[in-house]
Amino acid sequence: MLEVQNVSFCYKPGEYAVNNVSFTVSGGEFVAIAGRNGSGKTTVTRLIMALLKPAGGRILLDGNDAASLKTAAIARQVGYVFQNPDRQIFRDTVTREIAYGPEQLGFSPAEVERAVDAAMAVTGLTELAGAYPRTLSKGQKQRVAIASALAMEPRMLILDEPTSGQDAKEKLRLLELFTRLNAKGMAIILVTHDMELLGRFTRRVIVMAEGGKVFDGPPARLFAADLDVKEWGLREPAAVRVARKLRELGVPAAALPKQLAGCAAAEGAE
Amino acid sequence: MAKVAPLTKIVFTVIVSLWAMLLESPQALAALVAGEALLFAAARVPAASYKAFGSLGFFAALLVGMQYALGASLEFSIAIGLRMVAMTGSFILLFAATRIQDLTAALVRQLKVPQEYAFMFTATLRFIPDFFAEIKAVQEAQACRGYCFGGSLIKRLKNYLTIVQPLVLRAITRSETMAMSLELRGFGRGVTGGYGTSIGLAGADYLALAGMAIGTVAIGLVRFSF
């Protein structure tokens, strides 16, 4: 279990990038952290990985204070996938690239092979095992980065804007992968400002604004009519906007097309 | 410093380096470093530049210690350390107090350095802070994959390859992208104008240049007369 308790952090003295934020993430959850650029969402995840040390509060991973652990030790429990996979890719084949993490953790050669094969299978990279990672498409590189994290066999995966710059097909493919991983019991924390994906795939949303947590609940509640998400730099998914407009025009929720039923539920959440 | 033209600052950097080479006594070199420190205090430069100037003290102490340990006299060792601070400090001041595009404009329009070379020089300068940011980002990415900077020297060097390789590969990609982007914007057609910045010398510059000339003559006279 991940517990973020009253955590604060400043990049500059007196200017809080994260201010007194608390939340917990249990095993098997699928959580999105959303917010406009500079809202502190990525900073929170960097604090979880001990890439930054909190100025106040603490982060517990299964009861252990993350600040007292090295990032490499946390990576055994929490996989982290950066927005830009080019910053980590350095080996000559996809297989060897994915093997780096388990090798660093001291897995035996047989364990490395098993972990790499499993990670490639789940991310759909088996056919690209011998390919040079730098020549892959952005989506494929992102999957190599995800497989690299999975090969370390973590129980939680944090993904920082994994779908940015990807085409619609690759976005969907990635989100389906996260859903599959989550169905197998892995907790997923997705940092994103893509409201369409957030509304469709996640079950809980934490919204950050100006360093603080301003919302924590299901997407349906986030898009309820009594909340103005624009205030937090977000925009409802198109389906929610369509459903809202239709309701304004007097169309009853029951009469809405099936595809908008969930959005009508969001509308009716208040 | 903002009121002085980039050319004056370039000349100042060269002159301070010249003075540092001409001056021999630790007292005179200490006075030169003190003068530079005063200029740093007066110039409104980013905080990181003050830090950089301050950290020169550490390297100077290291240099003095090494020289002394290798058999040089204490006076000579201190002079070497101060000389290094004076010369390096003047460059830090130049880069902290001058916009890169002004520096490029001065090199091309006033010092007649070919545009390609001037651009290469300034592009390298721009690249340094990016490079350090990139090192940090790559280190963090690899730390999340179990990278740990520890163990024996050989293990550390071997491990460091995991940082260096992505850095080099990314640097190559970036340079290729930059080259293409420049070509697409007409770079290399021999047109040297268009910097859109005023770099002409004014009264303060002539005064500063005259002061530097007098100083250089005076130091030269003292150095070669006795």
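**Pockets, cavities and helices**

Me: Which helix gives the most to the lining of the largest pocket?

Reply: H6(B) does, with 5 residues. Helices here are DSSP runs (H or I, at least four residues; strands are E, at least two), numbered from the N terminus. A pocket is an open set of points on a 1 Å grid over the protein atoms alone, with protein on both sides within 12 Å along at least five of seven lines, and lining residues have an atom within 4 Å of a point.

Me: Before we go on, what should I know about the model and the numbering?

Reply: It is a predicted model, where local features need pLDDT of at least 70 and side-chain atom pairs count only at pLDDT 80 or more, while totals for chains, interfaces and linings use all residues; side-chain values use heavy atoms, with hydrogens and water left out. Residues are numbered from 1 along each chain as its sequence is written, and chains are lettered from A and ligands numbered from 1 in the order in which they are written.

Me: Thanks! What volume does the largest pocket have?

Reply: About 550 Å³. A volume is the space filled by probe spheres set on the points, with grid points joined across faces, edges and corners.

Me: And which residues lie nearest its centre?

Reply: Ser49(B), Phe95(B), Leu125(B), Ile128(B) and Pro129(B), out of 14 lining residues. By class, the lining of this pocket has 11 nonpolar, 2 polar and 1 charged. Nonpolar means Ala, Val, Leu, Ile, Met, Phe, Trp, Tyr, Cys and Pro; charged means Asp, Glu, Lys and Arg; the others, Gly among them, are polar.

Me: Good. How many cavities turn up in the whole structure?

Reply: The search finds 2 of 30 Å³ or more. For a cavity, the points are ones where a 1.4 Å probe fits but cannot get out.

Me: What lines the largest cavity?

Reply: Phe127(B), Phe131(B), Glu134(B), Leu167(B), Arg170(B), Ala171(B) and Arg174(B). H6 and helix H7 (153-184) of chain B each give two or more of these residues, and H7(B) has the largest share, 4 residues. The volume of the largest cavity is about 40 Å³, and its lining has 4 nonpolar, no polar and 3 charged residues.

Me: And the second largest cavity, which residues line that?

Reply: That lining is in chain A, with Leu47(A), Ala50(A), Leu52(A), Pro54(A), Ile59(A), Asp65(A), Ala66(A) and Ala67(A). They divide into 7 nonpolar, no polar and 1 charged.

Me: New topic: at what angle do H3(A) and H4(A) pack?

Reply: Helix H3 (residues 94-104) and helix H4 (residues 109-123) of chain A pack at about 125°, with axes 9 Å apart. That makes H3(A) oblique to H4(A). Axes are lines fitted to C-alpha atoms over the stretch in contact, and angles run from 0 to 180 degrees between N-to-C directions. Under 35 degrees counts as roughly parallel, over 145 as roughly antiparallel, 65 to 115 as roughly perpendicular and the rest as oblique.

Me: Last one: how many helices and strands are in chain B?

Reply: Chain B has 8 helices and 0 strands.
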